[in-house]
Amino acid sequence: MVAYYFVAAAVLAALPILTLYKVLVGKLKEEPTAQASIQQKFFIGVALSETIPLLLIVFGYINLTPVNSVEELYIPGLIVLFIMAYAVFFIFLQRNVDVTPEAKPIVQSFTLISLALALGVPIIALVSLFMMMP
C-alpha cells in the first residue's frame, strides 16, 4: 500500500506541470519576448503544484517497508513508467506544434527545463519503489 503513495506523488506532480507547460508554451510561442515573465510564472506554478507530492513522498519514506514479493511493485512501477513516458511524449509533441523560427530556441530551452521538472518526482518515485524491493 505504501507503494501507491509514491504513485500518487508522481501523478499529482506530473499532470499539473504538463498542464501548466501546455498553457505557458502557447503563450511563449505567441510572444517569445516575454520569456522571463513566462518562466517566472512556470516556476511559481511548479513550486505550488509540487507541495502535495513532496508531502506524499515524505509520508511514503516514513512508512517505507520492504514488500513480501517483487510482484507487488509491478503495477505501481508500470504506472510511474507510463506517467514518465506520457510526460516526455506530451512535452516533445507540444514543442513542435506551431513554432516560428524566431521562437524555436526559446521554446527549446523552455521544453528542456519543463522536462526536467516534470520528471523529477516520478524519478524519485521510481527509486523509492526500488528501495522497497525485498
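**Close-up views of helix packing around α1**

**View 1. Helices α1 and α4 in the predicted model.** In this predicted model, α1 and α4 pack with their axes 10 Å apart and at an angle of about 5°. Angles under 35 degrees count as roughly parallel, and α1 is therefore roughly parallel to α4. On the α1 side the contact is made by Ala3, Tyr4, Val7, Ala10, Val11, Ala14, Leu15, Leu18, Tyr21, Lys22, Val25 and Lys29, while α4 contributes Ile75, Pro76, Ile79, Val80, Ile83, Tyr86, Ala87, Phe90, Ile91, Gln94 and Arg95. Sorted by class, the residues in this contact of α1 with α4 are 19 nonpolar, one polar and three charged.

**View 2. Gln94 and its contacts.** Gln94 lies in helix α4, which covers residues 74–95, and Gln94 is among the α4 residues that make the contact with α1. The relative accessibility of Gln94 is 13%, so that this residue counts as buried, given that buried means under 20% relative accessible area.

**View 3. Helices α1 and α5.** Helix α1, formed by residues 3–30, packs with helix α5, formed by residues 104–131, at an angle of about 175°, and their axes are 8 Å apart. Angles over 145 degrees count as roughly antiparallel, and α1 and α5 are therefore roughly antiparallel to each other. By class, 21 nonpolar, three polar and one charged residues belong to the contact of α1 with α5.

Definitions and conventions: Residues are numbered from 1 along each chain as its sequence is written. This is a predicted model: local features need pLDDT of at least 70, side-chain atom pairs count only at pLDDT 80 or more; totals for chains, interfaces and linings use all residues. Side-chain values use heavy atoms; hydrogens and water are left out. Axes are lines fitted to C-alpha atoms, for helices over the stretch in contact, and angles run from 0 to 180 degrees between N-to-C directions. Helices (H or I, at least four residues) and strands (E, at least two) are DSSP runs, numbered from the N terminus. Angles under 35 degrees count as roughly parallel, over 145 as roughly antiparallel, 65 to 115 as roughly perpendicular and the rest as oblique. Ala, Val, Leu, Ile, Met, Phe, Trp, Tyr, Cys and Pro count as nonpolar, Asp, Glu, Lys and Arg as charged, and the others, Gly among them, as polar. Buried means under 20% relative accessible area, exposed over 50%, partly exposed in between (1.4 Å probe, protein chains only). Contact means heavy atoms within 4.5 Å.
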